[in-house]
Protein chains: 6
Amino acid sequence: MFYIDKRLQYPVKVTNPDPQFARMLQQAIGGVEGEIRVAMQYFFQGWGARGPNPKYRDMLLHTATEELGHIEMLATAVALNLEKAPASLQEAGAVDAVVGAVMGGENPRHVLEGMLHRHILSTGMAAYPANSDGVPFDMSHIYASGNLAADMYCNVAAESTGRVLAVRLYNAAHDQGMKDMLHFMIARDTMHQQQWLAVIEELGGHEGVLPIPNSFPQEMEDQTHNYDFFASAADGTPPMPGRWTGGPSMDGKGEFTVFQNVPLGEEPNLGPARPDSGAQKEQMG
Amino acid sequence: MFYIDKRLQYPVKVTNPDPQFARMLQQAIGGVEGEIRVAMQYFFQGWGARGPNPKYRDMLLHTATEELGHIEMLATAVALNLEKAPASLQEAGAVDAVVGAVMGGENPRHVLEGMLHRHILSTGMAAYPANSDGVPFDMSHIYASGNLAADMYCNVAAESTGRVLAVRLYNAAHDQGMKDMLHFMIARDTMHQQQWLAVIEELGGHEGVLPIPNSFPQEMEDQTHNYDFFASAADGTPPMPGRWTGGPSMDGKGEFTVFQNVPLGEEPNLGPARPDSGAQKEQMG
Amino acid sequence: MFYIDKRLQYPVKVTNPDPQFARMLQQAIGGVEGEIRVAMQYFFQGWGARGPNPKYRDMLLHTATEELGHIEMLATAVALNLEKAPASLQEAGAVDAVVGAVMGGENPRHVLEGMLHRHILSTGMAAYPANSDGVPFDMSHIYASGNLAADMYCNVAAESTGRVLAVRLYNAAHDQGMKDMLHFMIARDTMHQQQWLAVIEELGGHEGVLPIPNSFPQEMEDQTHNYDFFASAADGTPPMPGRWTGGPSMDGKGEFTVFQNVPLGEEPNLGPARPDSGAQKEQMG
Amino acid sequence: MFYIDKRLQYPVKVTNPDPQFARMLQQAIGGVEGEIRVAMQYFFQGWGARGPNPKYRDMLLHTATEELGHIEMLATAVALNLEKAPASLQEAGAVDAVVGAVMGGENPRHVLEGMLHRHILSTGMAAYPANSDGVPFDMSHIYASGNLAADMYCNVAAESTGRVLAVRLYNAAHDQGMKDMLHFMIARDTMHQQQWLAVIEELGGHEGVLPIPNSFPQEMEDQTHNYDFFASAADGTPPMPGRWTGGPSMDGKGEFTVFQNVPLGEEPNLGPARPDSGAQKEQMG
Amino acid sequence: MFYIDKRLQYPVKVTNPDPQFARMLQQAIGGVEGEIRVAMQYFFQGWGARGPNPKYRDMLLHTATEELGHIEMLATAVALNLEKAPASLQEAGAVDAVVGAVMGGENPRHVLEGMLHRHILSTGMAAYPANSDGVPFDMSHIYASGNLAADMYCNVAAESTGRVLAVRLYNAAHDQGMKDMLHFMIARDTMHQQQWLAVIEELGGHEGVLPIPNSFPQEMEDQTHNYDFFASAADGTPPMPGRWTGGPSMDGKGEFTVFQNVPLGEEPNLGPARPDSGAQKEQMG
Amino acid sequence: MFYIDKRLQYPVKVTNPDPQFARMLQQAIGGVEGEIRVAMQYFFQGWGARGPNPKYRDMLLHTATEELGHIEMLATAVALNLEKAPASLQEAGAVDAVVGAVMGGENPRHVLEGMLHRHILSTGMAAYPANSDGVPFDMSHIYASGNLAADMYCNVAAESTGRVLAVRLYNAAHDQGMKDMLHFMIARDTMHQQQWLAVIEELGGHEGVLPIPNSFPQEMEDQTHNYDFFASAADGTPPMPGRWTGGPSMDGKGEFTVFQNVPLGEEPNLGPARPDSGAQKEQMG
């Protein structure tokens, strides 16, 4: 169970509220790269963790709990960026004649509000659990497979796209407070990338965990094509060479080879439609 | 652009059609661990690939093209498993009296069809792009971040959960043809896990690619907490030790430490609601 | 605006309530082939109808209003099918020992309820606006393009898949009341297929409406390939001949020809990633 | 920010694991009546709370934090119900011949697993954030309007449907541990219904809060129809009388009256389609 | 079944078409606070209404039918606001040089159209059933629980957020016709808030309906915590006092108390992963 | 299975990159009228095709394969339009003072980026499988009914709305390269409209295929109302006459008639709620 300290994990200050930036921050709340995703992903992985070693459950729940605090920081940042329109806009009366002509008779506040409508129409100037396009976060993005190593790679993926997003937001930020908050979040993403990879190392690295799941006897998979790079060029042009087209495989259990893809199967031939299946008569032959 | 050979990449045979297994196979078509996802993910990563080295685009498009053929194999397998009900069911008249009572007056065919209704009601006994619960695949699961290393980890994650699913389907399969098809697909997932990790190695491994994105100057992130494991226990119980709680970080650029999480920020204080914002009067103070 | 008569458009009677059939009927309520879809599609097409001739708006609104009554009939049918479990189930105590063993200790009512849980858990035995898998209807399926002819074909498509579904439900129905209700709905789908095609005819048939939109000067489209069937076989095998591979086109404005698809463009070459775009350094070359 | 105690808020015990009940419990995790919904709804309401009185934010965050612990309890309950199949099923070999015939050659375990496939195929026997049909929870159900009174009614609605669901699960439960867990959760829903209504009372009850938002000057709304019950019967049959058809309104500010609905507007007449709008020529008049 | 009068329930006039406002109005059509939601919610509640007293079904269907006419009014308003661009924009040629530079070479019409693209690209200048961000309405928002009191609170919630939205739109409107239409709709929302609360009163008010469902014997819920406000502060800081922290409960059946939340359960301990479950070997212990 | 030629089907050139147009093009990638939809729809129809004549499967797979190349062209076009901001924007410093005032202190690049945020925040300047509002494509739009004629009309509908969209994009395009690409795509849509209608003709035209499905004995549908246009005007005003209100039906099997809609059924009367169903006591009567 959980407890709260109503103070934030890290300071969130906004000197010059920027409604556009509020909208951008939504991506870090409700985008697939965002904080709801990682918090819930780590919780569900932790709550479902099976196996003799409780340390993975322990680790997941610590970090999930931390991520909740990140949603809170971002929601606060959105609300502060919507706090009031920047002074230059509120005092923009002087340029209204020009702007009115440009924008087809609208005043600039209206145009800006138009771009921000969901924050006004639905939330009264607060954050909501959707991305920067207003698409609500959908929990199918919570990956928790029941396989520890697969889950760790899902987490590395989430933290990698997450830090990419945080860096893009940092680069787009103009407010010092926002830059400060984001430079902390970027640091946390650095650590989170590390820690999931540390689990992989602890489990034996590439040789220990691969192929995932390592509990399936590898001799039961097709031994002919399990380390082949399949080339699909219509005219047989070989693929550009890379680490994956030759040499020992990453898990040390095979040798990379290039295989020009050809059909090993036949053209399928489905039976006719059933008489009572609602098909056309011509399909029942 | 693309070409087709109407033969399948690998043989798909079904000796004893099994509508329940058809439904399970849907997870590998339209589940988040499935083949539509990887095909489209690799295509969009390839079509958007930027950078001086064209080999990554090349690699992505080869494999995406292969994955299209996997969707085709699975769709064929679903159709064949729905081809006809197993003979023992069609001839189950002898047990109808018992079964009818058990199932509340229904005959067994009806019950079984009830469990399979979408395949009957909407497709006339064919595959469709949804998972085994009938939830349609949603393209927000196509991860293509514009960052090559992040995308590679997304791909490892997809192939790891994908091979876990294929193994579970293999374990659930009773038909030799289905086991054969799946033992090929499992082998391909083995390779695909390998090849995305091979890109990571080629890019410099943990030291070269981390933290992702490596283009952001790491000295701009918070230097105090970028290699700290944050512990969140309410009573200060330290986290269970692991590779992530001490020792050099995976990228060789820091040292793991445990940090007992405490608020560094303050309790936020949002301003009152705007007079025209549709809040209650009491919120406008 | 609208009025109601609380009587149903057509009698809905259920003699032997069948919870499985209730679940199947959901597809006709909230499936993409269902009645919410057509009602809302015709309303939105009607409400947005533009053009000098008001008869199309008139027609659309009449039929949309009829379709509302179909949702009502189906919702009633679902509720009646859930009214009470069939007597043979309620009195099934005699077979409980056998069934209990078969089903792993559960009694048959529990198993049946398990298959029906959403109707119990969320609605208390009533219809809800989702398909037979419980996937909620999503209004992106309301096609209203602003082009009258395109909309008519969308409507033919909806009524065609709709009648296919109604026929499948008819074939699955065991209750005379349900068969009666469905034989009425099937008849209405027959008419609705007709009426949208009648608009196409009134607008000039294939020659008058095609290509849609007919307001775009056809000489502005590529004149080389607008009546070519593109063949995509990797080895150049020609496509199987059909009405579409030769002879005059349906609109009488061209001649069908087969064209073996070949690339007319070049391999694309995107520029490097921007320095501040959160890509890896290696992509910025 | 947040802290965790890895012990559960209330004991969760399962004596006889029941995979069907695990699936039912999913509705309480990821259904629209479930715990993810209330936890996140109260968090987002709290994080966006504006106004001079901080007590509402305080209250919302306390309860949101509690609800997180409820998701945890339910996720644990699902995992325990999937822990192992009931012994009677594992030992069901004796009835396999009969069952095999009934179910079309499948053994009973397979059938049961078929009904549970998502828990096997995607999670390896753990909870996931979807409802009992496998439809993922979608964050558009987090209602946080920026209006305190509206939000309180949204919360009463959530706790009312939530307690209805918990009672249905209690009635369906066979395991004493599950009944115990649910009898605690039902009690908490009782309190939560109370507390949101207590806010309404504190804000002045019906007279103080209605109509919501009370910050809009009521004299600006249409004074003719703001306390009329509109009757829509086609033949003018009056509505059945109730508290809402006569007498003083709930807020004491009006008098309920019945108004037979008639069109006050005209038939709309939209202009023709624009020449460049992709409509048919016939729509451009 | 239903009938139509093609005249609108209330006049809809637009003097100065405003495409931005058209987009805002979409929230009232296809937003979760919008009219499709209430129309369909009341219909499904009415069609599934059970119980000896038919007056609730009667009431629900009257109002649902009215709400259909509101969707129609709003769809008309959207179409009229898209009718033509405001004259000042069409004649904005004089400022094109400046604007072109500002907007990167685009003319202002293009920029404005860019912001409105879905109305142009998909509908040809008409309304569609999505919110102001273009997110389609999803029928999972139709709450119909089978419990009359719970449904009434869901309806109060819908009408409360609905009136908040209508007020925000009124405040944003510049056109007198739009203000007139909205002042009527706001009045109707006033009544609708009233009428659902009137049902609650008729059913006995707080004492009669609470806790919902009132059919579950309250002595079967946990008697220790059913009127406790759970405080979750990590350091034990008591919650701010309010109506909900002390005094008689709203239903008169208990006494509010504050309870400092502590774990009553233990840390859960799930069994190891099954050997055939696709987990890593290390999880099988 | 499939092969790739990395050259594009048709040249894609962009002289003046236009991020707004990139966003518009997304509708043709991930909109319901877009290319992912048709590619996947034709694939699933082809993979599930049943019946004695393999030519329909052949035709569907050829065209599906072509459509894949169209997604590729559009994804390339999006990436090229995002390649770099137009020079006039990059050099817009001179107008920054004015613009800054207009836009409330923002520089124009920021505003423009704000409108494009998803392309920056999530993709690093590449296409993604969502529509122009950022709503991800959802595979429930893949219509494949198992009925050949129904599927053909679904395809005509898709290509009709598809060509309408392409024409709208053509009309909005300013760049010659984009106009060239679109004039090719418009031509292909012309052909695709033709070819699906050619199948209908080959199957016997209106008389042969209607009503769909033609395998259901038409004498089993209600013979009284299967060619009636139902009029729903509350006051009995007859519908405006059209091809659908009189004369022979399109399939030559009936005669169109107008029928004034009246209830043929009774007001439904559902039983009381079950005692254990979580309803209010008052509903159990």
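## Briefing

D:Phe230 is buried, with a relative accessible area of 1%. The model is a predicted one. The points below are grouped by topic.

**Aromatic rings**

- Over all chains, the count of aromatic pairs comes to 60.
- In one of these pairs, A:Phe43 and A:Trp47, the ring centres are 4.9 Å apart and the planes stand at 15°, so the pair is stacked.
- A:Phe43 and A:Trp47 are four residues apart in helix H2 (residues 35-47) of chain A, and therefore about one helical turn separates them.
- Both A:Phe43 and A:Trp47 are buried.
- The rings of D:Phe230 and D:Phe259 have centres 4.8 Å apart and planes at 40°, so this pair is tilted.
- That pair links distant parts of the chain, 29 residues apart: D:Phe230 belongs to strand S2 (residues 228-231) of chain D, and D:Phe259 to strand S4 (residues 255-260) of chain D.
- A cluster linked by ring pairs consists of A:Phe2, A:Phe43, A:Phe44 and A:Trp47.

**Charges over rings**

- A:Lys179 has its charged end over the ring of A:Tyr170, 4.1 Å from the ring's centre.
- C:Arg188 lies over the face of F:Phe230, at 3.5 Å from the ring centre.

**The sheet of chain E**

- In chain E, three strands form an open sheet with mixed pairing, in the order S2-S4-S3.
- Strand S2 (228-231) and strand S3 (247-248) of chain E are at the edges with a single partner strand each, so one side of each has no neighbour in the sheet.
- S2(E) and S4(E) run parallel and are joined by four bridges.
- E:Phe230 has E:Phe259 in S4(E) as its bridge partner.
- S3(E) and strand S4 (residues 255-260) of chain E run antiparallel, joined by two bridges.
- Opposite E:Pro248 stands E:Glu255 in S4(E).
- From S2(E), E:Asp228 and E:Phe230 point one way, while E:Phe229 and E:Ala231 point the other way; all are buried.
- Helix H9 (residues 176-202) of chain D lies across S2 and S4 of chain E and runs at about 95° to S2(E).

**Chains B and F**

- Chain F is superposed on chain B by a rotation of 180° with 0.0 Å of shift along its axis, at an RMSD of 0.0 Å.
- The two copies are thus related as by a two-fold rotation axis.
- Of the interface residues of chain F, 100% are also interface residues in chain B, so the copies meet through the same surface.

Technical notes
Residues are numbered from 1 along each chain as its sequence is written. Chains are lettered from A and ligands numbered from 1 in the order in which they are written. This is a predicted model: local features need pLDDT of at least 70, side-chain atom pairs count only at pLDDT 80 or more; totals for chains, interfaces and linings use all residues. Side-chain values use heavy atoms; hydrogens and water are left out. Copies are superposed by least squares on the C-alpha atoms of residues with pLDDT of at least 70 in both. Contact means heavy atoms within 4.5 Å. Two strands pair if DSSP finds at least two bridges between them. Axes are lines fitted to C-alpha atoms, for helices over the stretch in contact, and angles run from 0 to 180 degrees between N-to-C directions. Buried means under 20% relative accessible area, exposed over 50%, partly exposed in between (1.4 Å probe, protein chains only). Rings of Phe, Tyr and Trp (its six-membered ring) pair if their centres lie within 6.5 Å; planes under 30 degrees apart count as stacked, over 60 as edge-to-face and the rest as tilted. A charge sits over a ring if NZ of Lys or CZ of Arg is within 6 Å of the ring centre and within 35 degrees of the ring normal.
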